[in-house]
Amino acid sequence: FGVDPFEQAGEMLRRAIALDPGFAAPYSHLATWHNFRTAQGWTPAAATDREGAAQLSAQALQLDHNDAVALAIQGQVLSFTRRDYIGARQFLDRAIMVGPSCPMAWVLSSATHGWTGDGATAVEHAERALRISPFDPFAFFIEHMISQGHYVAGDHEAAVEWGRRAVARNARLTSNL
């Protein structure tokens, strides 16, 4: 008891990197860990976490430049930490191209489309992610992106409906609140 599961996950990812520094996946997921920590407001050092996310996502792509998850996470890092939406879209579009059945590629693409005002595409991409992985353990995030897309598109009733679905699965996702 007393161990924060989120912090423990970060430590486990760092350990995975130490055990196999040539495997791209833990770099990508640790980059997401840093992004999530920043987005949730859990970080004591946002600039350090943003830089960590950028370095880790770039390292993952150096190790495996055709990994759909790594490409999607690199796009998310560029979009979320740098506000480089054009660069982000290049990585996200490539992630979808090399991994059309990768729900993370679709949902992270949804986020960037929403942030850039394209609500219809944001909804379409998040709905695709949910169809691909209907029992995804992160379905709350996918539902949140559907909510965000509807909000951006001006359909506030649907946004509230999907936002409530997301909160029912995970009430701690602050961006959904």
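User: Hi! How much space lies in the largest pocket?
Analyst: Hello! About 1000 Å³ lies in the largest pocket of this predicted model.

User: Nice. Which residues are closest to its centre?
Analyst: Those are Thr 32, Phe 36, Phe 138, Phe 140 and Phe 141, out of 36 residues that line the pocket.

User: And how does the lining divide into nonpolar, polar and charged?
Analyst: The lining of the largest pocket has 22 nonpolar residues, 10 polar ones and four charged ones.

User: Which helices supply at least two residues of that lining?
Analyst: They are α1 (5-19), α2 (25-39), α4 (68-82), α6 (103-115) and α8 (139-153).

User: Let's look at α8, then. Why call it largely enclosed?
Analyst: Because 12 of its 15 residues are buried, α8 is largely enclosed by the rest of the structure. Among the buried ones are Phe 140, Phe 141, His 144 and Gln 148.

User: What do the buried residues of α8 pack against?
Analyst: They pack against α6, α7 (119-132) and α9 (156-169).

User: How far apart are the end C-alpha atoms of α8?
Analyst: They are 21 Å apart, which agrees with the 21 Å that 15 residues should span at 1.5 Å a residue.

User: What comes just after α8?
Analyst: Gly 154 does, and this glycine takes a positive phi of about 90°.

User: Switching topic: where is Leu 173?
Analyst: Leu 173 is in the segment after α9.

User: Is that residue buried or exposed?
Analyst: Buried: Leu 173 has 3% relative accessibility, so it falls under the 20% cut-off.

User: Which residues does Leu 173 touch?
Analyst: Leaving out residues up to four places away in sequence, Leu 173 touches Phe 36, Gln 40, Phe 140, Phe 141 and His 144.

User: What about the largest nonpolar core, how many residues does it have?
Analyst: It has 41 residues, and Val 107, Leu 108, Phe 141 and Ile 142 have the most contacts inside it. At least two residues of this core come from each of α1, α2, α3 (46-63), α4, α5 (85-98), α6, α7 and α8.

User: Which helix gives the largest share of this core?
Analyst: That is α4, with seven residues.

User: Last one: what does Leu 108 touch?
Analyst: Not counting residues up to four places away in sequence, Leu 108 touches Ala 72, Ile 73, Gln 76, Leu 92 and Phe 141.

Methods:
Residues numbered from 1 in each chain as written. Predicted model: local features only at pLDDT ≥ 70, side-chain atom pairs only at ≥ 80, totals over all residues. Heavy atoms only, no water. 1 Å grid on protein atoms, 1.4 Å probe; cavity = no way out; pocket = protein on both sides within 12 Å on 5 of 7 lines; lining within 4 Å. Points joined across faces, edges and corners; volume = space filled by probe spheres on them. Helix = DSSP H or I, 4+ residues; strand = E, 2+ residues; numbered from the N terminus. Nonpolar A, V, L, I, M, F, W, Y, C, P; charged D, E, K, R; others polar. Expected span 1.5 Å × (residues − 1). Buried < 20%, exposed > 50% of the residue type's maximum accessible area, 1.4 Å probe, protein only. Contact = heavy atoms within 4.5 Å. Core = buried A, V, L, I, M, F, W, Y, C linked by side-chain atoms within 4.5 Å.
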